[in-house]
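Me: I'd like to learn how to read a protein model, one feature at a time. Please take me through this one.

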Amino acid sequence: MRILIDTFGADAGANPIIEGTIKALEKRDFTPVFVGNDREIKLLVRDRIKNYEIIPTNEFISNNEDPVRAIRKKKEASIVLAYNKLKEEGYDGLISAGSTGALLAGGLFIAGRIPGIKRACLAASIPSINDDITLLMDTGANMDCKPEYLYEFALMGKVFLENAMHISNPKIGLLNVGVEEHKGNALTKETYKILNDSDMNFTGNLEARDLFTGKVNVIVADGFDGNIAIKTTEGVLKTLGLELKNLIYSSTKNKLAGAMLKNDIKSLAGKFNPDEVGGAPLLGVKSYVYKAHGNTNETAFSNAILGLLNYIDMNVIEKIEGELHDN
């Protein structure tokens, strides 16, 4: 399997991208195809990867640029080169920690949408207290949405979970400021009506405090609200982790207690660590694309690559196309 890896865009530069790739290769066999500065990539790899390719470029699309305009004008940008290469025979997937907007625009204008889908979205897997699978859709690809887009997110989440994860009739919830039907803004109120009238297993509104409860399998949101929700929870969890660590080391008594609970604390921390997921698939485009966190580290990027490989293995795109065609 040949995986295109955009080396631009991560907050910490190309280093966590290369290190994460090396770490992923310890668990799965694939051929990395790095897109970026040729000299920097070779210096970071240092003969630690036997089989790899480089598509050289020094151009990339930053978060400050208009993504649609940049995709059309910057033909040598790393994400543009990667998307064009992905259309060729023998390239299986693409991963980037760069501009979410550019990744989405490239998916729409270069890879193309799955027929019947108006907007692609990022489907982030989030942990739950009962270990059930929960997807939050969207988490940042579409800041301005129409009700029909949110309906499509719910439909893609349903198809993904039914066909790839074998979850029968997954429960769908709409992220909102209250559980009552009349709550929310114009977007959520109209979306509620559409989802409620659909044949999906729509359970109603879901408040942000229930993100991790596992009450539903798909949480539908526009990219603006979904991104705020997931980043807020990531920040809270990291802060709680640091506070717990400081508490354990604050006294001898706490250190002893911490030692006794070490394995349980480590297991709990791992369950709610965003690095364990590392990224999210871009559902709705005709290519296998994965978005890694902008603040990714080598562990998170490694897990994101492994997630992309699993995403490819499950033939999700073909299954979504088949489900939409049958409907």
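Me: Let me start with a single residue. What is the relative accessible area of lysine 146?

Reply: Lysine 146 comes out at 44%, which makes it partly exposed. The scale goes like this: buried is under 20% relative accessible area, exposed is over 50%, and partly exposed is in between, using a 1.4 Å probe and protein chains only. A word on the source: this is a predicted model, where local features need pLDDT of at least 70, side-chain atom pairs count only at pLDDT 80 or more, and totals for chains, interfaces and linings use all residues. Residues are numbered from 1 along each chain as its sequence is written, and side-chain values use heavy atoms, with hydrogens and water left out.

Me: Where is lysine 146 found?

Reply: Look in the loop between strand 6 (134-137) and helix 6 (147-164). Those element names are DSSP runs numbered from the N terminus: helices are H or I with at least four residues, strands are E with at least two.

Me: How many bridges join strand 1 and strand 2?

Reply: Strand 1 (residues 2-6) and strand 2 (residues 31-36) share five bridges and run in the parallel sense. For two strands to count as paired, DSSP has to find at least two bridges between them. Leucine 4 is a handy guide: its bridge partner in strand 2 is valine 33, and its partner in strand 4 is leucine 94. Leucine 94 in turn has valine 289 as its bridge partner in strand 11. Along strand 4, Gly93 and Ile95 point one way while Leu94 and Ser96 point the other way, and all are buried.

Me: How many residues of helix 5 are buried?

Reply: Nine of its 12 residues are, so helix 5 is largely enclosed by the rest of the structure. Among the buried ones are Leu103, Leu104, Leu108 and Ile110. The buried residues of helix 5 pack against helix 3 (67-73), helix 4 (78-86), strand 4, strand 10 and strand 11.

Me: And two helices together? At what angle do helix 1 and helix 11 pack?

Reply: Two packed helices are described by the angle between their axes and the distance between the axes. Helix 1 (residues 15-25) and helix 11 (residues 298-313) pack at about 55 degrees, with axes 7 Å apart. Axes are lines fitted to C-alpha atoms, for helices over the stretch in contact, and angles run from 0 to 180 degrees between N-to-C directions. That makes helix 1 and helix 11 oblique to each other: under 35 degrees is roughly parallel, over 145 roughly antiparallel, 65 to 115 roughly perpendicular, and the rest oblique. Residues in contact (heavy atoms within 4.5 Å) include Ile17 and Thr21 of helix 1 and Phe301 and Ile305 of helix 11.

Me: How far apart are the axes of helix 6 and helix 7?

Reply: They are 9 Å apart, and helix 6 and helix 7 (residues 186-197) pack at about 50 degrees. Helix 6 and helix 7 are therefore oblique too. Their contact includes Leu150 and Tyr151 of helix 6 and Ile194 and Leu195 of helix 7.

Me: Last one, the backbone. Which residues does the cis peptide bond join?

Reply: Most residues other than glycine have a negative phi, and most peptide bonds are trans. In this model, a cis peptide bond joins methionine 137 and aspartate 138, with omega about 15 degrees. Positive phi values also turn up: asparagine 169 is near 50 degrees and asparagine 315 near 55 degrees. Asparagine 169 lies in the loop between helix 6 and strand 7 (171-175), and asparagine 315 in the loop between helix 11 and helix 12 (316-326). With 41% relative accessibility, asparagine 169 is partly exposed, and asparagine 315 is partly exposed at 40%.
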